[in-house]
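Here is a short briefing on one protein model. Look over its sequence and fold, then read on.

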Amino acid sequence: MKNEIAPSPAYRKVVAALDDCEKRYDALIKRTGVTNESRLASTVAVLKGEVEQRRRLEIELLTAVETERQRIGQDLHDDLCQRLGAIALLSGSLAKEVSVLDEKLGGKVGKIPSLVTETIGSCRNLARGLHPITLASAGLPAALAELAARVPVDLKFHWPHSERIDFEPMLALHLYRIAEEAVTNAVKHAGAKCITIGLAILAGRPVLEIADDGKGIGQKLKTEGMGLRNMQYRANVIGGELTVEARKGGGTCVRCSLPLRKSVLRPLKPKTDSSAK
């Protein structure tokens with residue numbers, strides 16, 4: 001591919017800064033046990049600053065991760081898929097030429113284009129997963145609907161079709177990633193057969209909800225799983241509240257509630273006949 005698939009300098013810099021922040025944070029936590037009041041007050045003040053720094057670095061880290069995913073996804077789609085397409089065309093042409101000399105061998109060579117075409121499909125699915133192009137071009141509902149169509153289980157997506165949902169691009173991206181992670185956990189770890197994604201406005205607050213009929217998640221996965229930590233990070237970045245609860249009758253419900261925002265939901269304007277004057 002055009003670019004080497006490796007973490008960018010910006011990504012490595014943010015990770016290193018976050019690691020340093022983590023060490024300073026731990027050191028400050030240990031210092032809060034001192035008895036001198038003025039020293040304790042100073043430590044607490046510095047600790048607050050470290051917490052803010054850590055939050056900023058987490059935001060930068062997520063941004064760097066998304067930038068990397070976008071770069072790799074674009075390379076897969078624009079470069080690798082194009083190369084595979086060329087291979088499919090050349091192998092198809094070669095199969096015709098070989099068939100003239102050896103029909104049996106030509107039949108074997110003729111299977112190559114279809115295999116390459118299947119590979120192109122898989123590659124494009126990977127590219128969509130790394131960088132949801134539909135999110136930028138058609139919005140969050142369309143991207144979630146595409147996610148629902150791509151998952152190999154019974155997945156339904158519900159949202160108020162009579163309304164237009166206006167989310168800021170980065171906010172929409174984090175909500176999409178939360179839904180994607182929740183769906184992955186439900187399929188991979190909980191063995192869910194039926195999943196429902198809901199996007200709605202409840203009590204004036206935008207709410208994203210992912211419910212499944214799986215076996216649920218164990219305490220270890222709930223406290224130590226990177227997927228849940230990633231969802232929590234993303235919810236914190238957008239000022240949301242993330243909850244993971246067991247459903248009555250089995251399964252898990254992941255819910256991300258956002259603060260009240262203006263112009264998130266607006267009625268769709270009725271289509272007008274442009275020819276009418």
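How many disulfides does a search of the whole structure find? The search finds zero, where a disulfide is a pair of cysteine sulfur atoms within 2.5 Å. This is a predicted model: local features need pLDDT of at least 70, side-chain atom pairs count only at pLDDT 80 or more, and totals for chains, interfaces and linings use all residues. Residues are numbered from 1 along each chain as its sequence is written, and side-chain values use heavy atoms, leaving out hydrogens and water.

**The sheet**
- Five strands form an open sheet with mixed pairing, in the order β1-β3-β4-β6-β5.
- Helices (H or I, at least four residues) and strands (E, at least two) are DSSP runs, numbered from the N terminus.
- Two strands pair if DSSP finds at least two bridges between them.
- At the edges sit β1 (154–158) and β5 (241–246), and each pairs on one side only.
- From one strand to the next, the twist averages 15°.
- Strand β3 (residues 194–202) pairs with strand β4 (residues 205–212) over eight bridges, in the antiparallel sense.
- Opposite T196 stands A211 in β4.

**The helices**
- Helix α6 (residues 140–150) lies across β1, β3 and β4 and runs at about 170° to β1.
- Helix α7 (residues 169–188) packs on the sheet, touching β1, β3, β4, β5 and β6 (252–257).
- The direction of α7 makes about 15° with that of β4.
- Contact means heavy atoms within 4.5 Å.
- Axes are lines fitted to C-alpha atoms, for helices over the stretch in contact, and angles run from 0 to 180 degrees between N-to-C directions.

**Two cysteines**
- C194 is partly exposed, at 25% relative accessible area.
- C253 is buried, at 8%.
- Buried means under 20% relative accessible area, exposed over 50%, and partly exposed in between (1.4 Å probe, protein chains only).
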